[in-house]
Amino acid sequence: MDQIKTLRCASDKSISHRSAIFSSIASGKTTIKNYLFAQDTLNTLEAFKKLGVDIDIDKTKVTIKGTGKYLKESFDIINLGNSGTGIRLISAVCAGQSFLSILTGDNSLRNRPMKRIIEPLTQMGATILSRKNFLAPLAIFGKDKLKGINYASKIASAQVKSAVLIAGLYTDENVEFSEPQVSRNHTEIMLKQFGVDIISENNKVFLGKHRKLTGGFELNVPADISSCAFFMVMCALKPNCEAVFADCLINPTRTGILKVFSDMGVNYEIINKKTMCGEEVADILVKYSPNLKPFYIDGKILPTLIDEIPILSILALFANGKSILKDAKELRVKESDRIKSIVENLKKLGVKVEEFEDGFEIEPTKNIQKAYIETYFDHRITMSFSVLKALGYNLELSETKSPTTSYPNFFEHLKYLGS
Ligand code: S3P
């Protein structure tokens, strides 16, 4: 029997972004251990350096000397690269500054919808100019005192929710946000750690009276379940490939994939629960799982596994029936149009797949054909098809650089698990 491998996958991207943002606008010197040193989250640190925050990065930790809520005007344009979370959350910080900030990103980010944050931030008193159709670059003329808001978002989005809550730190008036389903709640959890009064009730969240951030402590970022997911699927599909995923985030707003694993018959076990960064974390053992049922994913569960759909579409190829995804229109506006990226590439493999406006239906196959995979430079598409390739299928990928966005040592880990 081979020894069980242990893998500490990339640190959580959402929590890393927030730790940098909140430490920057808090008082005190905050240290972040296990910060994700990937392109998206490095861009966030760079943004706050440009906004006058003293940030020290060494191999093991990031130390941020917070300036309090008010920052300095940046001498240059701020480039958030590929990151929707980066541009949308930092736009909200800039909405609370009485100077001009210009925020942009790469080709993908400049084509992603920004109206969803421009609308509430404008209602709160910021002036935001954009390209046609509310696309970035964004020019934000903030105000140090914003107005309150009661915002009912049409989409479940942690980025929109976080933008409203962050801008809400710059007003004493009432701030309330609601959404159709509960999205990831890392902003709420971390703002509480920084001493902000915040109340969550089902899919609503309110800011209380105390809105000043006090830092000066140490945060320790757990592993990202969205990054672990690639290798959990690999373990489920590869005989003798058991592994323990150490320090994996199991916040219930992120663990939809574990529920789908249970429904499909993936053999996994949650061991050794702990808390890191105020978040629920555990080590998770995943084993080879030869008898997989198909998935049916729709509605309420979607925000809790939205980033895991590309890798779940790979798992669906090995189930014993048709897997169906519905209500997932949001996937069309991620780093790529992920419904199209998944469907087109699966068709190239010879898989029978039907595309819907809000999802797809995948028929499993025993005969995966040789194919050229177009990744659209989307990190999660690249990593998903790289897992399939590592399982022994003859694939050529259009590029393999995009994982640096969220998981710089992805290919090292792939090799380790594949060996
Ligand atoms: C994120 C929220 C999700 C997710 C993204 C990270 C965050 O997007 O897809 O990868 O850190 O808040 P939405 O909030 O737009 O759904």
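Let me start with Ser 386 and its surroundings in this predicted model: setting aside neighbours within four places in sequence, Ser 386 is in contact with Leu 397, Phe 410, Phe 411 and Leu 414. The residue itself sits in helix 11, which runs over residues 379-390, and Ser 386 counts as buried because its relative accessibility is 4%, where the cut-off for buried is under 20%.

Once residues up to four places away in sequence are left out, the list of what Thr 44 touches reads His 17, Ala 20, Ile 21, Tyr 35, Leu 80, Gly 86 and Ile 90.

Now to the largest pocket, which holds about 640 Å³ of space. Which residues lie nearest the centre of the largest pocket? They are Ala 156, Ser 157, Ile 306, Glu 330 and Lys 334, out of a lining that comprises 37 residues.

As for where the lining comes from, domain 1, residues 13-220, and domain 2, residues 225-418, each contribute at least three residues to the largest pocket. Among the helices, helix 1 (13-24), helix 3 (84-95) and helix 5 (158-168) each provide at least two lining residues, and helix 1 gives the most, with four.

How values were computed: Residues are numbered from 1 along each chain as its sequence is written. This is a predicted model: local features need pLDDT of at least 70, side-chain atom pairs count only at pLDDT 80 or more; totals for chains, interfaces and linings use all residues. Side-chain values use heavy atoms; hydrogens and water are left out. On a 1 Å grid over the protein atoms alone, a cavity is a set of points where a 1.4 Å probe fits but cannot get out, and a pocket is an open set with protein on both sides within 12 Å along at least five of seven lines; lining residues have an atom within 4 Å of a point. Grid points are joined across faces, edges and corners, and a volume is the space filled by probe spheres set on the points. Domain bounds come from an automatic or database domain assignment. Buried means under 20% relative accessible area, exposed over 50%, partly exposed in between (1.4 Å probe, protein chains only). Contact means heavy atoms within 4.5 Å.
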